[in-house]
Every structure is written in structure tokens, then in C-alpha cells.
Amino acid sequence: MPEVDEVEDDAEEMPLSLRLSIADTLTLGNATCGFMAVYFTTTGILIPHLTGSQESGMARHSAATAVILMLCAAIFDLFDGLVARKLRSSPMGAELDNLSDLISFGLAPAYFVLVYGMVADDAHQRVAAVGAIVVLLAVVLRLARFSCVTVKDGTFQGMPSPFGALTVVSIVLLELPFVATLLAIIGTAWLMVSRVEYPKPRGPLAGAMLSWIVLSMGLLMAWAFDAPGGQLLLQTGCALQLVMGAVIPLFATARRVNNFRDNRRESRAAQLP
């Protein structure tokens, strides 16, 4: 059959650089987890609320599942970079990574905030929608800047989108008053587009990040299955996530101030006779 022969010839002539690598496959896993997080948020939280279902346990399970999927997306995002550095990545790797991050760490947490504004008792739906848009646009701007701006090796400019997404959903899960929740979400979005430097998860830091993600999954499962003290454990984990989100910029700012002072002292010492 000539059509089959043409397809086979095209596959043989396709450059190896345009085929998916192992790192690209991990990146696609990231996108899949983000999409499924939106699915569970819709089917397990939003639809039961709209249909008047009072099964709070199902909503808790679905919320936990959605956040666990975002955590899995963060694991895929962590490992695709490591694999790409160890093996290789196709020329599509950077574009696939940005598109997948937009789904998992932009759309999924923004949608989570939007649904929170629809189901929470003290929330205002339209105001929450504005907060969700702010989160989405912050991730879009951050990813676009990441593709265009070159920063010094070993650092990110602005809060990384996976860390920002996990911080946003932690704020929602803490069940703070609506105004405090919205302000914290907007503050997190600002950190994502700020010029604050964050260290890249490499070496021991990557291991610490992976351990924290696994621990967070355990806390979510304990909360989802109503384990003794599960609510307290979840709130503790979410509070720690917020503390880390606030402390890292302070350390980064203090380090920049110290470096600036050291540079001034060295320049003054060099000017002395």
C-alpha cells in the first residue's frame, strides 16, 4: 500500500532530535497529572456542590486527590530536568516543559481557587474568580520570562511555579477567612513574578524537595481518610508550606544585601592607597 510506505519512509527520515526523549515523556506525565487534577476538582467538588450532594467525605477525598496529582506533577517536573541533564532532551523539551507547567501549576491551582470561591460558605465567587485569574496570569508571565531572561546559574528569578502552585492550594486548604485567603493568594502570585531569587532544586536540595512532597502526600491521605489528627496534620503541613514561601524570599533578600555590602567594602578597599 503506497500510503503505508510513505508513512514508514517519513518515520525513518524523521530526525532523532524531533522524537520524544525520556525526559519529554516525564514532562507529558506532568501535563497529564495537571489535567486529572482539574478533572477531580470538577467531578468530586464542584458537581456535587451544584447538585446539592452533602457527601463531604467525597469532596475531601477529591480535593486530596487533586492536590496529590499536583504534587505528582511536581515530581515529574523535578525528574524531567534531572533526566534531561543526565541523558538528553529533544529540542521540544523546553517548550513541552513550559506548556505542561502551565497546565499543572497554572490552570490546576487557579481552577482550585475558582471552585473554592464557589463552594466555601464565606467566599465571594466573583472575587475568587479574580484571584484565580491573578494566579493563572502570574504563572503565564513567569514561564514567559523564564524563556526570555537569563539568570545566574543555580537560581530562579521569582518563586518557581510548582512551589507557587503548592503554596496556593495550601492557603486554600488552611480554610482561613476569605479576605486573608485572597490576600495570601495574591501575595504568592506576586512572588512568582517578582525578582526574588530562589535556589534551583539540585543535589541535596532536590532530595529535600522530594522528601517534602512525599510527606505532603502522606498528610493529604491522612486528612482524606479522616485519620485521627489528620486535620491537624494537614493544617500543620500547609502552614509550613506558607512559612517556607515567606522565609525563602527573606533569606534571599538578606543574602543580596550582604553581597552588596561586601562588594562596596571591597571596592573601597581597592581605592585606598
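In this predicted model, the crossing of α5 and α7 has a left-handed sense. The axes of α5 and helix α7, which spans residues 178-193, come within 8 Å and cross at roughly 10 degrees. Because angles under 35 degrees count as roughly parallel, α5 and α7 are therefore roughly parallel to each other. On the α5 side the contact is made by Val 127, Ala 128, Gly 131, Val 134, Val 135, Ala 138, Val 139, Leu 141, Arg 142 and Arg 145, and on the α7 side by Phe 178, Leu 182, Ile 185, Ala 189, Met 192 and Val 193. Sorted by class, the residues of this contact comprise 13 nonpolar, one polar and two charged.

Helix α7 also meets α6, and here the axes come within 9 Å and cross at roughly 175 degrees. Since angles over 145 degrees count as roughly antiparallel, α6 and α7 are therefore roughly antiparallel to each other. From α6 the contact draws on Ser 161, Gly 164, Thr 167, Val 168, Ile 171 and Val 172, while α7 supplies Thr 181, Ala 184, Ile 185, Thr 188 and Met 192. This contact has six nonpolar and five polar residues, with no charged ones. Ile 185 and Met 192 of α7 take part in this contact with α6, and Ile 185 and Met 192 are also among the α7 residues that touch α5.

Helix α6 has a further partner in α4, whose axis comes within 9 Å of that of α6 and crosses at roughly 15 degrees. With such an angle, α4 and α6 are therefore roughly parallel to each other, and α4 passes α6 in a left-handed crossing. In this contact, Asp 101, Phe 105, Pro 109, Phe 112, Val 113 and Tyr 116 of α4 meet Ser 161, Pro 162, Ala 165, Val 168, Val 169, Val 172 and Leu 173 of α6. By class, the residues divide into 11 nonpolar, one polar and one charged. Ser 161, Val 168 and Val 172 of α6 are in contact with α4, and Ser 161, Val 168 and Val 172 are also among the α6 residues in contact with α7.

From the helix contacts we can turn to the spaces in the model. A search of the whole structure finds one cavity of 30 Å³ or more, and about 140 Å³ of space lies in the largest cavity. The largest cavity is lined by 14 residues, of which Val 67, Ser 170, Ser 216, Leu 220 and Cys 238 are the closest to its centre. The elements that each give two or more residues to this lining are α3 (56-86), α6 (161-173), α8 (204-224) and α9 (230-271). The lining of the largest cavity holds 10 nonpolar and four polar residues, and no charged residues.

The largest pocket, for its part, has a volume of about 1,000 Å³. Its lining is made up of 40 residues, and those nearest the centre of the pocket are Asp 77, Leu 78, Phe 156, Lys 200 and Pro 201. Two or more residues of this lining come from each of α2 (22-50), α3, α4 (93-119), α5 (125-148), α6, β2 (197-199), α8 and α9, and the largest share, seven residues, comes from α3.

Key
Residues numbered from 1 in each chain as written. Predicted model: local features only at pLDDT ≥ 70, side-chain atom pairs only at ≥ 80, totals over all residues. Heavy atoms only, no water. 1 Å grid on protein atoms, 1.4 Å probe; cavity = no way out; pocket = protein on both sides within 12 Å on 5 of 7 lines; lining within 4 Å. Points joined across faces, edges and corners; volume = space filled by probe spheres on them. Helix = DSSP H or I, 4+ residues; strand = E, 2+ residues; numbered from the N terminus. Nonpolar A, V, L, I, M, F, W, Y, C, P; charged D, E, K, R; others polar. Axes fitted to C-alpha atoms, helices over the stretch in contact; angles between N-to-C directions. Parallel < 35°, antiparallel > 145°, perpendicular 65-115°, else oblique. Left-handed = near helix turned anticlockwise from the far one by under 90°. Contact = heavy atoms within 4.5 Å.
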